[in-house]
Amino acid sequence: MSEVHSGDTFSLTLPSGETLKIHLYGTDAPKREKRDPKTGKVKRPGQPFGEEAFQVLKSKLERRKVSVNMMGKEKHSGTIVIDKQDIGLEMVRAGFAWAHQCNPAGRVAAEYAKAEEQARKERRGLWKQDHPQPPWEFLKLWQMKEALLVG
């Protein structure tokens with residue numbers, strides 16, 4: 001593992017030296033604020049619990065060798081198991097990611113959906129909020145706003 005980018009995305013350095021950006025399959029975490037590295041200006045605002053989700057994933061993956069079971073066909077995505085724990089499932093269970101399924105009929109989908117339901121019920125992590133905005137809706141609204149400001 002080389003770098004965590006968000007609560008659901010990290011870079012993995014392969015033995016060949018190649019680096020892949022990987023998304024945790026079946027999850028979608030709140031978005032972190034994005035800043036321009038040169039100017040420091042905010043390029044995109046973050047969501048509540050975006051930074052917390054990043055920190056939690058970072059603590060789970062930091063200085064760890066990981067194995068990824070690649071799942072996605074469109075972009076690099078997969079499940080990660082460390083010490084017999086599915087890290088994506090743990091992120092959902094702790095309330096730091098939504099269960100977001102590409103294949104809603106699979107085993108992963110059922111486990112993740114059940115974990116999200118329990119996290120919601122117990123108001124863990126982002127579920128402490130009354131109406132948390134899913135990251136896919138947040139991004140769509142932000143992109144629409146940006147298009148209106150530019151246009």
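## Asp28, a buried acidic residue

D28 is buried, with a relative accessible area of 9%; buried here means under 20% relative accessible area, with exposed over 50% and partly exposed in between (1.4 Å probe, protein chains only). Before going further, please note that this is a predicted model, in which local features need pLDDT of at least 70, side-chain atom pairs count only at pLDDT 80 or more, and totals for chains, interfaces and linings use all residues. Residues are numbered from 1 along each chain as its sequence is written, and side-chain values use heavy atoms, with hydrogens and water left out.

D28 sits in strand β4 (residues 27–28). Helices (H or I, at least four residues) and strands (E, at least two) are DSSP runs, numbered from the N terminus. The D28 side chain makes a polar contact with the side chain of K31 at 3.2 Å. Such a contact is a pair of N or O atoms within 3.5 Å; within protein, one must be able to donate a hydrogen and the other to accept it, and residues adjacent in sequence count only if both atoms are side-chain atoms. Setting aside neighbours within four places in sequence, D28 is in contact (heavy atoms within 4.5 Å) with D8, A97, W98, H100, P135 and W136.

## Strand β8 and its partners

Let's turn to strand β8 (residues 77–82): 5 of its 6 residues are buried, so the strand is largely enclosed by the rest of the structure. Two strands count as paired if DSSP finds at least two bridges between them. Strand β3 (residues 19–24) pairs with β8 in the parallel sense over 2 bridges, and H23 has S77 of β8 as its bridge partner.

Strand β7 (residues 67–70) pairs with β8 in the antiparallel sense over 4 bridges, with M70 opposite G78. Strand β9 (residues 85–86) is also antiparallel to β8, over 2 bridges, and I82 is bridged to Q85. The β8 and β9 hairpin has 2 residues between the strands, and D83 takes a positive phi near 50° there.

## Helix α1 and its buried side

Helix α1 (residues 50–61) has 12 residues and spans 17 Å from first C-alpha to last, close to the 16 Å expected at 1.5 Å a residue, that is, 1.5 Å times one less than the number of residues. Its buried residues are G50, A53, F54, L57 and L61. They cover an arc of only 100° around the axis, which puts them on the same side of α1; the arc is taken from the directions from the helix axis to the C-beta atoms.

The cover over these buried residues includes β1 (3–4), β2 (9–13), β3, β8 and α2 (87–93). After α1 comes R63, with a positive phi near 60°.
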